Amino acid sequence: MAEADPLARSRRLTLAEPLALDSGQALAGVEIAYETYGELAADKANAILVFHALTGDQYAASPHPKTGKPGWWARMVGPGKPIDTVRFHVICANIVGGCMGSTGPASPAADGQPYAMRFPVITIRDMVRAQVALLDALGIARLHAAVGGSMGGMQALSLAANFPERTAAALVIASTARHSAQNIAFHEVGRQAIMADPKWNGGDYYGSGKGPEAGLAVARMAAHITYLSEAGLTEKFGRRLQDRTAKTFGFDADFQVESYLRHQGLSFTDRFDANSYLYITRAMDYFDLAEEHGGRLADAFRGTSARFCLISFDTDWLYPTSESRHVAHALNAAGAPVSCVELSAPFGHDSFLLDVPALDRVIAGFLTQ
């Protein structure tokens with residue numbers, strides 16, 4: 001396995017101008033926390049912007065400062081890896097609305113108190129606007145590629161559609177051009193779990209000890225189910241009992257899958273802010289690239305000169321292959337070069353984060369064209 005990138009750097013930037021939002025509001029003094037890996041070429045033409053997913057952050061290939069675990073895409077980003085930091089300068093920023101250093105609900109407002117629910121509702125396009133402002137500050141006019149999986153893929157599509165001159169390529173993995181009713185429904189379950197927790201306190205829980213950890217854990221559990229496949233769950237857990245030989249006839253975690261989900265939920269509360277979860281899921285639900293461009297998806301890509309690669313997984317029922325094909329058809333109609341690849345993997349939606357050698361080959365091949 002290749003070693004971690006010795007040039008990894010954690011950085012922070014305050015945007016010079018207020019960030020205009022789709023809601024009509026503007027955020028002043030926006031901070032963007034980001035990581036960089038690899039050296040930026042003299043002509044700045046080797047930059048790759050990696051967009052993270054809902055529960056990700058800027059620590060794509062560096063140990064997470066709160067958990068100590070490897071970065072969420074450490075297997076993908078680094079020297080000699082598919083996103084090769086010997087060749088490319090990789091940037092990964094925490095989104096606006098996040099909770100790992102970029103301005104979000106936990107950040108201080110003008111009165112010095114956390115925004116909490118005073119934070120304006122944001123969109124995927126707003127997240128991208130902030131990252132374009134980051135590129136401007138870094139003097140990077142055009143990316144070699146924009147790359148993202150899941151919500152990160154939404155941002156890559158949004159960048160290519162709304163800022164077509166800013167990237168030469170877009171690599172979109174396990175994603176979609178709009179959230180379906182089913183996607184919105186799962187997110188609403190999670191939001192209601194958070195807001196039903198008495199410790200949520202209308203979003204005003206900062207400085208009062210622990211927040212709505214129980215509600216956030218349930219939200220994470222519900223969402224995590226959508227990231228997995230039925231076959232994967234059956235193979236990994238089946239109906240096997242957890243540390244016992246017989247059912248308890250109670251409501252403890254009798255089954256291994258119950259124990260697994262509870263662990264996922266509780267560990268998530270150690271590193272994520274509940275209000276950020278509300279705002280980010282709402283941004284995902286609002287995402288509809290066709291709606292932003294008059295109702296026809298092909299029109300979103302009329303001005304792009306980028307080439308596209310869309311990757312899906314055969315066990316992903318959250319953003320199935322049909323979603324990628326829908327985007328591919330729109331790109332074809334717009335005359336944009338696109339390849340659409342369905343990979344076989346047992347892990348469901350989470351396949352883009354896990355060991356799928358075919359994914360490594362497709363990503364490396366597309367980026368080195």
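**Exercise 1. Arginine over an aromatic ring**

Determine over which ring the charged end of Arg307 sits, and at what distance from its centre.

*Solution.* The criterion for a charge over a ring is that NZ of Lys or CZ of Arg lies within 6 Å of the ring centre and within 35 degrees of the ring normal. For Arg307, the ring in question belongs to Phe366, with the charged end 4.2 Å from the ring centre. Arg220 provides a further case: its charged end sits over the ring of Phe268, 4.8 Å from the centre.

The model is predicted, so local features need pLDDT of at least 70 and side-chain atom pairs count only at pLDDT 80 or more, while totals for chains, interfaces and linings use all residues. Residues are numbered from 1 along each chain as its sequence is written, and side-chain values use heavy atoms, with hydrogens and water left out.

**Exercise 2. Aromatic pairs**

State how many aromatic pairs a search of the whole structure finds, and classify the pair of Trp72 and Trp73.

*Solution.* Rings of Phe, Tyr and Trp (its six-membered ring) pair if their centres lie within 6.5 Å; planes under 30 degrees apart count as stacked, over 60 as edge-to-face and the rest as tilted. In one of them, Trp72 and Trp73 are 5.4 Å apart centre to centre with 15° between the planes, and the pair is stacked.

Next, consider accessibility, where buried means under 20% relative accessible area, exposed over 50%, and partly exposed in between (1.4 Å probe, protein chains only). Trp73 is buried at 0%, whereas Trp72 is partly exposed at 21%.

Phe301 and Phe308 form an edge-to-face pair, because their planes stand at 75° with the ring centres 5.6 Å apart. Phe301 is buried at 0% relative accessible area, and Phe308 is buried at 2%. Finally, ring pairs join Tyr115, Phe119 and Tyr279 into a cluster.

**Exercise 3. Salt bridges**

Identify the secondary-structure elements that hold Glu31 and Arg12, and state how far apart in sequence the linked parts are.

*Solution.* A salt bridge requires a side-chain nitrogen of Lys or Arg within 4 Å of a carboxyl oxygen of Asp or Glu. The whole structure contains 17 salt bridges by this search. In the bridge between Glu31 and Arg12, the closest N and O atoms are 3.2 Å apart. Helices (H or I, at least four residues) and strands (E, at least two) are DSSP runs, numbered from the N terminus. Glu31 belongs to strand β4 (residues 31-37) and Arg12 to strand β1 (residues 9-14), so the bridge ties together parts 19 residues apart in sequence. Glu31 is partly exposed at 28%; Arg12 is exposed at 52%.

**Exercise 4. A network of charges**

Describe the salt bridge of Glu292 with Arg125, and name the network that includes these residues.

*Solution.* The closest N and O atoms of Glu292 and Arg125 are 3.6 Å apart. Glu292 lies in helix α8 (residues 289-292) and Arg125 in helix α1 (residues 124-138), so this bridge connects parts 167 residues apart in sequence. Glu292 is partly exposed, at 23% relative accessible area. The salt-bridge network links Asp22, Arg125, Asp126, Arg129 and Glu292.
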